[in-house]
Amino acid sequence: MEKDNMNLVYETKLGKLYHGDTIFSSEYIDYESLDLVFTDPPYPRQFMHCYDYLADIFPPLMKVGASLLTIVGHYALEEIMVKFLGKLKYRWIFDLDQEEDSHARMAMGIEVVWKPMLWYVKDKFPRERNYGFMRDKIIIPKKDKSLHEWQQSLAWCHDIISKITKPNELVCDPFMGAGTVAIACEQLGRRWIGIDCDKRAIDITIQRLKEYEQSSRSR
């Protein structure tokens, strides 16, 4: 397979940002190199293949004991969990609480005030990776979607990454969006790999990284 399906478009001392299709990840990421896969794929049904990528491509790229955390839509929770059967071990489900924010109201008569986030591990979560208790209810601040429609909060990404990885370990976000995971990793001293097929999202991430690097140099 030719390596022109993902292009390295930005690089820092800690991370690499690729523009391209996540399906080619194994051509660029070493086997058993990832300590954490942490991502928020788009929820509409036409993007359901993103969860196939997570379940099929990423387990071989993860170290034994590494974690995969992904946010999912309620409507597809059962379908997505089936995709991971026999590939990674289910560990837990988190409640990303958005009680204080605006809520989607579904035609079935449900007002959505929280989002599920699934936590999987490769083989077994080792005792030595338990860097601190994690609450399974995470309060999400009011949405800031000024950069990207699927933009996530830096604060809770920061908290999760700091409790599941150690400095210099490798984190991957295969659907990077506005680059929140990359910024959190830069702040925490984690190595990172980010991938997105959307050129606009890539441009936003590059701009955020440049601004972060500039602010870091000025301190």
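Is Lys83 buried or exposed, and at what relative accessibility?

Author: Lys83 counts as buried, at 16% relative accessibility. Before going further: the model is predicted, so local features need pLDDT of at least 70 and side-chain atom pairs count only at pLDDT 80 or more, while totals for chains, interfaces and linings use all residues. Residues are numbered from 1 along each chain as its sequence is written, and side-chain values use heavy atoms, with hydrogens and water left out. Buried means under 20% relative accessible area, exposed means over 50%, and partly exposed lies in between (1.4 Å probe, protein chains only). Helices (H or I, at least four residues) and strands (E, at least two) are DSSP runs numbered from the N terminus.

Lys83 belongs to helix α2 (residues 77-84), where Ile80 and Phe84 are buried as well. Viewed down the axis of α2, the buried residues fall within an arc of 95°, so they line one face of the helix. The arc is taken from the directions between the helix axis and the C-beta atoms. Glu78 and Val82, on the other side of α2, are exposed. As a rule, an α-helix has 3.6 residues a turn, so residues three or four places apart point the same way.

The charge on Lys83 has a partner. Its side chain meets that of Asp52 in a salt bridge, 2.9 Å from N to O. Asp52 sits in helix α1 (residues 49-57), so to speak across the chain from Lys83 in α2, and the pair links distant parts that are 31 residues apart. Asp52 is partly exposed, with a relative accessible area of 28%. A salt bridge here is a side-chain nitrogen of Lys or Arg within 4 Å of a carboxyl oxygen of Asp or Glu; by this rule there are eight.

Lys122 and Glu32 meet through their side chains at 4.0 Å, N to O. Lys122 counts as buried at 12% relative accessibility. Glu32 also has a positive phi of about 50°, although it is not a glycine. Most residues other than glycine have a negative phi.

The side chains of Asp203 and Lys199 form a salt bridge of 2.8 Å, N to O. Both residues are in helix α5 (residues 199-217), four residues apart, about one turn of the helix. Asp203 is partly exposed, with a relative accessible area of 38%, and Lys199 counts as partly exposed at 45%.

The loop between β4 (62-71) and α2 holds Gly73. Gly73 is buried, with a relative accessible area of 11%.
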